[in-house]
Amino acid sequence: MTKFIYRSKTDENLIGNSYLYMEKMIFGSKDNQEKTSIFRDMFSKAVKKVAIYPWGTDTDDLSSTATGICKYDDNDAIEIEMWGYTNAPTDKYKWIEHQGVHEMCHAFVDILSLSTSKKIVKKGIVRENHAGLIKETDQKTGEFVDHHYYGKMFNETMMDIISAMAINNFAPEITYKTVDDVLSKNYTTTGNQQTGYTFFTSLTRLMIAAFSNVGDKNFKYQDKVDAGESIFNQNYKLRDGSVVKANDFLYGIVFDPLHIEKEFDKYMGDDSWRTFSQSLDTFFMHYQKTGELLPENVKLIMKYIPDFCNKRMADYERRGLVSENDRINLVSNFNKIWNSMQSEYGAYFSQEDIDEIYDRASKY
């Protein structure tokens with residue numbers, strides 16, 4: 001049973017609203033009573049504590065540089081701690097709202113990804129879903145190997161993206177931006193709270209576009225949210241009649257990280273997702289500690305993701321899963337985001353670099 005700790009009605013509401021916004025965003029807001037009832041029971045069993053402390057309270061985990069956390073205790077129970085509205089300056093209120101939803105999002109994803117209990121074995125390494133990441137252990141000894149977990153960069157940035165979508169749709173008195181805006185535009189243009197992860201959300205938006213299965217240019221994620229549906233578990237029928245997830249990345253990041261790995265490795269080679277994710281996590285942690293961007297890492301990422309997108313779409317068209325127009329629409333949407341990122345990361349790319357990427361794309 002979850003223990004809730006707070007000092008004021010506003011902090012109590014912070015907990016309730018964060019949970020409600022996330023519930024509606026993940027499961028949809030219509031005809032979801034059975035799913036939400038099951039999840040509330042899972043949450044109650046998995047989350048030991050949600051504690052909202054007055055602004056400025058120092059604990060073992062909270063300080064002016066870390067004002068919120070979702071963690072596991074020694075018994076693998078989830079604990080959320082954060083600074084709330086009590087004693088907070090008014091100019092921090094929007095930040096507090098965002099952080100409350102962000103930490104709650106971590107708890108939702110931790111629980112849902114663990115509930116799949118999926119694991120695969122490659123090259124003697126057992127990979128299994130764990131708290132929104134992929135845990136890696138030695139098949140023979142059961143001991144951790146290499147980074148122990150991977151997918152941290154995508155997990156953290158997606159918590160920000162999902163939180164922004166939830167707040168934009170379900171919080172009162174907001175500057176409204178659509179889900180499609182959040183997924184396609186930089187944070188600086190959508191009015192969302194800037195965080196330490198903001199720079200990397202653009203890379204994540206590019207990956208979301210690369211994993212899309214929807215060739216219909218009239219398809220809008222906002223329409224699905226308005227209809228009370230979940231964009232994370234949204235099905236889509238391909239040209240041959242087969243049913244897939246509308247977006248394999250959105251589905252996988254919430255429910256099954258190994259689903260992302262399986263789809264990525266199918267086109268980029270065995271173990272590619274693990275290697276790619278580990279590199280991104282290292283890049284991400286280096287930036288978090290130093291504020292320094294490594295130009296060669298940015299260039300590698302922005303060359304690698306288009307390769308995946310173009311290989312995947314070429315294969316889809318060859319197999320009759322999408323029409324030529326669908327493929328063009330999918331790749332055009334991806335290119336729109338990639339091109340917008342050129343201005344963000346423009347210092348790292350010459351025209352020769354850009355031409356090389358387009359040349360490779362034409363070969364698939």
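Contact, in what follows, means heavy atoms within 4.5 Å. With that in hand, let's start with Lys-119. Leaving aside residues up to four places away in sequence, Lys-119 touches Val-126, Arg-127, Glu-128 and Leu-258. Its place is in strand β5, residues 119-122. For the element names: helices (H or I, at least four residues) and strands (E, at least two) are DSSP runs, numbered from the N terminus. Still on Lys-119, its C-alpha atom is separated by 9.8 Å from that of His-130, 11 residues apart along the chain.

Quick housekeeping. This is a predicted model, where local features need pLDDT of at least 70 and side-chain atom pairs count only at pLDDT 80 or more, while totals for chains, interfaces and linings use all residues. Residues are numbered from 1 along each chain as its sequence is written, and side-chain values use heavy atoms, with hydrogens and water left out.

Okay, the sheet. What is the strand order in the open sheet of four strands? The order is β1-β2-β4-β3, and the pairing is mixed. Two strands pair here if DSSP finds at least two bridges between them. At the edges you have β1 (3-5) and β3 (68-72), each with a single partner strand, so one side of each is left without a neighbour in the sheet. From one strand to the next, the twist averages 10°. About angles: axes are lines fitted to C-alpha atoms, for helices over the stretch in contact, and angles run from 0 to 180 degrees between N-to-C directions.

Now look at β2 (residues 47-53) and β4 (residues 78-83): they pair in the parallel sense, over six bridges. Within that, Lys-49 has Glu-79 in β4 as its bridge partner. Then there are the helices on this sheet. Helix α2 (residues 33-46) packs on the sheet and touches β2 and β4, its direction making about 80° with that of β2. Helix α1 (residues 9-27) lies across β1, β2 and β4, and runs at about 140° to β2.

Strands β7 (residues 133-138) and β8 (residues 144-150) run antiparallel and are joined by three bridges. Lys-135 stands opposite Tyr-149 in β8. Five residues sit between the two strands of the hairpin, and Gly-142 in the turn has a positive phi of about 80°.

Next, a helix pair. How far apart are the axes of α10 and α11? Helix α10 (residues 257-268) and helix α11 (residues 272-290) have their axes 7 Å apart and pack at an angle of about 110°. The two are therefore roughly perpendicular to each other; the cut-offs are under 35 degrees for roughly parallel, over 145 for roughly antiparallel, 65 to 115 for roughly perpendicular, and the rest oblique. On the α10 side, Ile-260, Glu-261, Phe-264, Asp-265 and Met-268 meet Ser-272, Trp-273, Arg-274 and Phe-276 in α11. That contact divides into five nonpolar, one polar and three charged residues. Here Ala, Val, Leu, Ile, Met, Phe, Trp, Tyr, Cys and Pro count as nonpolar, Asp, Glu, Lys and Arg as charged, and the others, Gly among them, as polar.

On to salt bridges, meaning a side-chain nitrogen of Lys or Arg within 4 Å of a carboxyl oxygen of Asp or Glu. How many does a search of the whole structure find? It finds 26 salt bridges. One of them joins the side chains of Lys-48 and Asp-73, at 3.4 Å, N to O. This pair links distant parts of the chain, with Lys-48 in strand β2 and Asp-73 in the loop between β3 and β4, 25 residues apart. Buried or exposed? For Asp-73, 13% relative accessibility counts as buried, while Lys-48 is partly exposed, at 42%. Buried means under 20% relative accessible area, exposed over 50%, and partly exposed in between (1.4 Å probe, protein chains only).

Another salt bridge is Arg-327 with Glu-317, at 2.3 Å, N to O. Arg-327 lies in helix α13 (residues 324-344) and Glu-317 in helix α12 (residues 295-318), so the pair ties together parts that are 10 residues apart in sequence. Arg-327 is partly exposed at 23%, and Glu-317 is partly exposed at 27%. There's also a network: salt bridges that share partners join Lys-122, Arg-127, Glu-136, Asp-146, Glu-261, Asp-265, Asp-270, Asp-271 and Arg-274.

Last stop, the loop between α12 and α13, where Ser-323 lies. Ser-323 counts as buried, at 17% relative accessibility.
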